[in-house]
Amino acid sequence: MRLLVDTHVFLWFILDDPRIAKTARPLLVSPDHERFISIASVWEVAIKHGLGKLQLNGGREGFLKDIDQANFDILDILPAHIMILASLSLHHRDPFDRMLIAQAKTEGMHLLTADPHFAAYDVPLIKA
């Protein structure tokens, strides 16, 4: 299975936060699945960290190391993702989350999230 992980879920995962669903953790460590984090999530984390809204162990550089150590691939934003994003209904107004939805739809990925707003879109979801 190809998994695209929502920003908060990845942060919970690397911080071993108990909010992450017990069923999600095995998916995030299994070599049987391709695991991705969007460059949009990296961008979101960098912005929130820069504004002081998010503390990171090791700062922004540490976050990139966490992605690498967790064996996640970074999914770039492609023109096809932007075209799908532009066609999405405005059920969810967060631009980073909307990009994740567009990427998952375009790439045929399952989106791992705890955000209930994602259910309004036609994208395969896994509750985190």
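This is a predicted model: local features need pLDDT of at least 70, side-chain atom pairs count only at pLDDT 80 or more; totals for chains, interfaces and linings use all residues.
Residues are numbered from 1 along each chain as its sequence is written, and side-chain values use heavy atoms, with hydrogens and water left out.

A quick word on names: helices (H or I, at least four residues) and strands (E, at least two) are DSSP runs, numbered from the N terminus.

So, the strands. S2, residues 34-38, pairs with S3 in the parallel sense over three bridges; strands count as paired if DSSP finds at least two bridges between them. Ile37 has Ile74 as its bridge partner in S3. S1 and S2 also pair in the parallel sense, over three bridges, and there Leu3 has Arg35 of S2 as its bridge partner.

Now zoom out. The open sheet has five strands in the order S3-S2-S1-S4-S5, with parallel pairing. S3 (73-75) and S5 (125-127) stand at the edges with a single partner strand each, so one side of each has no neighbour in the sheet. On average, neighbouring strands here are turned by 35 degrees against each other, direction ignored.

What about S2, how many of its five residues are buried? Four of them, so to speak: S2 is mostly covered. Buried here means under 20% relative accessible area, with exposed over 50% and partly exposed in between, using a 1.4 Å probe and protein chains only. Helix H3 (residues 39-50) lies across S1 (2-5), S2 and S3, and runs at about 45 degrees to S2.

H5 (residues 79-87) and H6 (residues 95-107) pack at an angle of about 115 degrees, their axes 8 Å apart. Axes are lines fitted to C-alpha atoms, for helices over the stretch in contact, and angles run from 0 to 180 degrees between N-to-C directions. H5 and H6 are therefore roughly perpendicular to each other, a label for 65 to 115 degrees; under 35 is roughly parallel, over 145 roughly antiparallel, and the rest oblique. Residues in the contact (heavy atoms within 4.5 Å) include Ile82 and Leu85 of H5 and Met99 and Ala102 of H6.
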